[in-house]
Amino acid sequence: MKSICGLILAAGKGTRLKSSLPKYRHKIAGWSLLRHSIENLRGAGIDDIYVLAGFGESEFIDKNFSVSTIEQKRRTGTADALLIALKNIPKKYKTIVLLYVDVVLLKAKTIKSLLSKHNRDNSDITLLTMELDVPKGYGRVLSNESGNMVAVKEEDLLNKSEKKIKEVNVGVYIFKRKNSLERDLCSIKPKGDKKEKYLTEIFPIYNKRGLKVLALKLKDINEGLGINSRRELVEANKILYRRNADEHILKGVSILSPENTFIERDVAIGRDTVIYPFAYIGFGVRIGENCIIGPSCRIKGGSRIGNNVKVENFAEISHSEIDNNSKIKHFSYIGDASVGKSVNIGAGTVIANYDGRRKNKTVIKDNAFIGSNTTLVAPVEIGKGVITGAGSVVTKNSKIADNSVIVGVPAKILRRRRDG
């Protein structure tokens with residue numbers, strides 16, 4: 001796809017979200033709206049991506065995302081946004097896939113379908129539409145008597161009868177880059193309550209010139225839902241968490257209450273693992289087979305969980321690796337740790353990994369038994385087969401030899417186990 005690029009319009013302030021954050025930085029299911037849009041394009045095979053950002057946002061986007069950023073210093077409407085972008089996107093890109101940043105529930109396979117239709121039918125513009133019983137807030141798709149699309153009107157331009165139209169514009173377009181496109185965008189005049197230059201005003205111009213404009217209608221309207229309010233942000237979260245849970249269920253994971261389980265994107269979970277309610281699993285986490293997770297626990301920071309591992313009530317695991325057959329009992333915190341095979345982490349165990357300046361590493365080797373309410377002040381190394389007494393405090397920089405039994409505050413060696 002050397003001649004195709006993605007363009008994400010992300011300059012919106014998010015005024016209706018009543019937030020000091022730009023809209024693109026708001027998160028659903030653990031990712032910002034912008035990251036969802038970027039990954040959706042990449043999932044469709046589009047790697048060259050441009051983001052049109054608001055004034056002063058390019059530094060943040062350049063630092064956090066591998067995309068090319070274009071700043072829109074004046075917000076004068078979506079037609080002007082595309083015009084600014086075209087002046088900065090190299091001419092080698094002949095096809096531009098344009099997304100509004102808040103259409104985050106869109107699936108990559110839908111973008112592929114839209115591209116296929118655009119190319120197969122040699123269209124000049126192809127857009128995504130859907131039908132809503134309550135279309136308020138969306139631009140409507142106007143068709144002629146033959147059923148062919150002739151225009152898209154923004155809501156503040158609609159007359160009374162047009163407001164009853166149920167087919168709406170999703171905000172996803174594919175443009176064939178023509179020499180005349182920039183000239184056509186320049187000819188669009190400000191309209192509506194906000195006196196903005198609407199991108200949708202391009203359609204009457206194309207129709208008048210006999211250029212081909214096609215639409216693909218979404219079957220799943222959830223994919224096309226935009227996010228303009230806090231309530232819509234909540235609904236998008238629900239849909240995406242449920243979609244993620246369903247994907248794992250189809251792969252052989254038992255999720256006892258999908259509505260109350262929160263799994264972010266880019267998570268892998270092995271077969272026959274059981275997820276209890278109110279587990280929160282962050283992006284990048286890997287969980288093996290036959291594990292029991294939860295209820296009410298959190299695993300994040302790209303942690304790696306082996307096979308046959310138990311993570312019980314109210315435990316938290318962050319940036320850690322837990323090897324096969326280990327148990328993390330309730331009320332425990334495991335941070336920046338490497339836990340070996342068949343280790344028992346007793347209830348209430350805490351790894352104090354942060355010293356106020358940096359996070360430090362803890363190593364717990366195979367077959368160790370960490371007693372309830374043990375505190376490990378990182379960095380610490382616990383040898384194979386070590387037992388810690390309940391309530392022990394293992395101080396910073398301790399290195400406990402294999403098969404030791406340690407107790408107390410600070411923990412001291414009580415004895416050595418001869419046979420491990």
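Colleague: What should I know before we start?
Modeller: This is a predicted model, where local features need pLDDT of at least 70 and side-chain atom pairs count only at pLDDT 80 or more, while totals for chains, interfaces and linings use all residues. Residues are numbered from 1 along each chain as its sequence is written, and side-chain values use heavy atoms, with hydrogens and water left out.

Colleague: Why does Ala 11 count as buried?
Modeller: Buried means under 20% relative accessible area, with exposed over 50% and partly exposed in between (1.4 Å probe, protein chains only). Ala 11 has 7% relative accessibility, so it counts as buried.

Colleague: Where does Ala 11 lie, and what does it touch?
Modeller: Ala 11 lies in the loop between strand 1 and strand 2 (27–28). Strands (E, at least two residues) are DSSP runs, numbered from the N terminus, as are helices (H or I, at least four). Contact means heavy atoms within 4.5 Å. Not counting residues up to four places away in sequence, Ala 11 touches Leu 52, Ala 53, Gly 54, Gln 72 and Arg 75.

Colleague: How do you know which strands pair with strand 6?
Modeller: Two strands pair if DSSP finds at least two bridges between them. Strand 1 (residues 4–10) is joined to strand 6 by 6 bridges and runs parallel; Ile 4 has Thr 95 as its bridge partner there. Strand 10 (residues 167–176) pairs with strand 6 in the antiparallel sense over 5 bridges, and the partner of Leu 99 in strand 10 is Val 172.

Colleague: What makes a set of residues a nonpolar core?
Modeller: It's a set of buried Ala, Val, Leu, Ile, Met, Phe, Trp, Tyr and Cys residues joined through side-chain atoms within 4.5 Å. The largest one has 78 residues, and Leu 7 and Leu 185 touch the most other members. Apart from it lies another core, of 38 residues, including Val 253 and Ile 275.

Colleague: Why are strand 12 and strand 37 called edge strands?
Modeller: They belong to an open sheet of 10 strands in the order 12-15-18-21-24-27-30-33-36-37, with mixed pairing. Strand 12 (254–255) and strand 37 (412–416) each pair on one side only.
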